[in-house]
Amino acid sequence: DDRDGFREEGFFEYHLYTLQHPTDVLDNEQKQVTLLSADGIHVDKKLIFYGQQYWYRGRYGQVMSNQKVGVYLDIKNSKQNRMGMPLPKGRLRFYRRDEDGRIEFTGENVIDHTPRDETIRVYTGDSFDLRGERTRTDFKVDEAHDWLDESFEIKLRTHKKEPVEFRVVEHLYRWTNWQITASSYKFKKTDSQTAEFRVTVPPDGERTVTY
């Protein structure tokens with residue numbers, strides 16, 4: 001019912017959102033009003049490991065990789081997915097019902113302006129039970145003949161009681177001409193400088209990707 005929230009309408013190249021009822025703000029009070037809400041939407045969860053997202057030096061000077069596995073939610077902003085309204089830039093919050101029927105907060109982030117029928121990818125935090133570890137195991141370069149060869153090992157661990165699919169995203173930043181000559185898992189070339197490995201790790205297990 002439009003009277004219970006905001007009414008959206010197109011205006012020129014923009015969108016207007018009009019609150020359909022009065023709201024009171026007391027002296028020195030800050031009030032948040034929910035712009036839009038949707039129940040039972042389908043969310044495609046992806047667990048992505050960016051091993052080279054950042055590097056840091058450990059306590060004894062050793063080079064360490066990022067170890068956190070990010071939780072990303074892909075959401076189709078469509079009527080079929082109980083949405084389908086132009087979404088303004090702002091904060092998006094997620095809640096989920098637990099086994100006892102209680103609504104629990106699961107994450108939030110800021111999204112950009114999103115038209116209807118587009119897909120939103122939202123980073124909501126890092127997984128508590130998943131870890132990754134990226135190590136460069138070999139490096140060779142021949143500047144006289146313009147070639148460089150390096151090898152990597154990526155360890156993926158889960159402490160969950162069910163299998164988990166990791167998405168390992170590697171940005172091949174050295175140069176635009178590259179070739180993966182050997183790898184322990186199949187990969188997909190998602191763009192000119194990115195390769196993605198999909199690895200299913202068993203409960204409380206570990207898998208290693210080398211390339």
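Predicted model: local features only at pLDDT ≥ 70, side-chain atom pairs only at ≥ 80, totals over all residues.

**Contacts, core and pockets**

Me: Which residues are in contact with Phe 166, leaving aside its neighbours within four places in sequence?
Reply: Contact means heavy atoms within 4.5 Å. Residues are numbered from 1 along each chain as its sequence is written, and side-chain values use heavy atoms, with hydrogens and water left out. With neighbours within four places set aside, Phe 166 is in contact with Leu 47, Val 69, Leu 130, Arg 131, Leu 156, Arg 157, Thr 158, Phe 197, Arg 198, Val 199 and Val 201.

Me: Which residues of the largest nonpolar core touch the most other members?
Reply: A nonpolar core is a set of buried (under 20% relative accessible area, 1.4 Å probe, protein chains only) Ala, Val, Leu, Ile, Met, Phe, Trp, Tyr and Cys residues joined through side-chain atoms within 4.5 Å. The largest such core has 26 residues, and those touching the most other members are Ile 154, Leu 156, Phe 166, Phe 197 and Tyr 211.

Me: Which element supplies the largest share of this core?
Reply: Strands are DSSP runs (E, at least two residues) numbered from the N terminus. At least two core residues come from each of β3, β6, β9, β11, β12 and β14 (194-201). The largest share, four residues, belongs to β14.

Me: Which element gives the most to the lining of the largest pocket?
Reply: On a 1 Å grid over the protein atoms alone, a pocket is an open set of points where a 1.4 Å probe fits, with protein on both sides within 12 Å along at least five of seven lines; lining residues have an atom within 4 Å of a point. The largest pocket holds about 1800 Å³ of space, and the closest to its centre among its 49 lining residues are Ile 41, Leu 92, Arg 93, Phe 94 and Tyr 95. With eight residues, the element that gives the most to this lining is β7.

Me: How many residues line the second largest pocket?
Reply: About 630 Å³ of space lies in this pocket, and β11 gives the most to its lining, with six residues. Leu 148, Asp 149, Glu 150, Trp 178 and Gln 179 lie nearest the centre, and the lining residues number 21.

Technical notes
Points joined across faces, edges and corners; volume = space filled by probe spheres on them. Buried < 20%, exposed > 50% of the residue type's maximum accessible area, 1.4 Å probe, protein only.
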